[in-house]
Amino acid sequence: MNARKIFLIFFINFLLVISLVNAVQITSQNLAGSLCPRETGTFSHVVKNTGTAIKSYDLDLRGSASQWATSVPNAFILAPGEEKIVYTYITPSSSADPGVYTLDLGVNAPGDNSRITHSVTIKNCYSAAVTVTPENAQSCPNQAVRYLVNIKNDGQYRETFRFKLAGNIANRVTLSDNVVVLAKGESKQLFLFSNAPSDAGEHSFSLIIESDSGRVRESLPLFLNVNSCYDFKFEARGNNTYNVCA
């Protein structure tokens, strides 16, 4: 076998080895930070053909966050040394639970593929702060009692909050408002009015707050201590014996 044939065999084997080596490179460029449900974040990557042949690539998304993600473009052709920027948009659904999810981007061509994985954090963007004053009220029997309720929307979206009552004296309590609509950061005061029972003792009820989004639900226990305010003593002084005629 002459030297020319040996060189050709060596060169062909070299090309076969090269064809088995990944010739596509993915580089992260911009990554989305923490996201709220319904908020859109963007990942961008640079895809480069590091091989020696023109190749057609397609993308696929995997991982727990892929259900909310879309890549553009999702297919393209690159010449050797050519690059392409790929944008991946992710919009978690309104029902997405807070937590850390994975997004796996794959770039594939016949005999050639590469993958890159990122973490996606979904924040808790629905929240409310509710306080009631006093939590433990004092009254006399059948006396009217007022509680001051303050609610603030600590979430990131405009929210509708609904109020209801539960407990053994809930039927004796009324609300100044049953529904409150608050923008982000907005707060409102409302009142609870209770007609104290006629029986002295400790009584309780709960104020329940629920949002239309279904992401906020709180139950605040409240107490009413009814005192024995009406009491008297009878005491006879001096001569308590009397004589009378029939």
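This is a predicted model: local features need pLDDT of at least 70, side-chain atom pairs count only at pLDDT 80 or more; totals for chains, interfaces and linings use all residues.
**Close-ups of rings and a core**

View 1. Residues are numbered from 1 along each chain as its sequence is written, and side-chain values use heavy atoms, leaving out hydrogens and water.

Rings of Phe, Tyr and Trp (its six-membered ring) pair if their centres lie within 6.5 Å; planes under 30 degrees apart are stacked, over 60 edge-to-face, and the rest tilted. That rule gives five aromatic pairs. For Y57 and F76, the centres are 6.0 Å apart and the planes sit at 40 degrees, so this pair is tilted.

**View 2. Now for F191 and F193, another tilted pair.** Their centres are 6.2 Å apart, with 35 degrees between the planes. F191 is partly exposed at 24% relative accessibility, and F193 is partly exposed at 39%.

**View 3. Here a charge sits over a ring.** The charged end of R38 is 4.1 Å from the centre of the Y157 ring (the rule: NZ of Lys or CZ of Arg within 6 Å of the ring centre and within 35 degrees of the ring normal).

**View 4. Last stop: L207 and its neighbours.** L207 touches, among others, V132, F163, L192 and L222, not counting residues up to four places away in sequence (contact means heavy atoms within 4.5 Å).

Notes. Buried means under 20% relative accessible area, exposed over 50%, partly exposed in between (1.4 Å probe, protein chains only).
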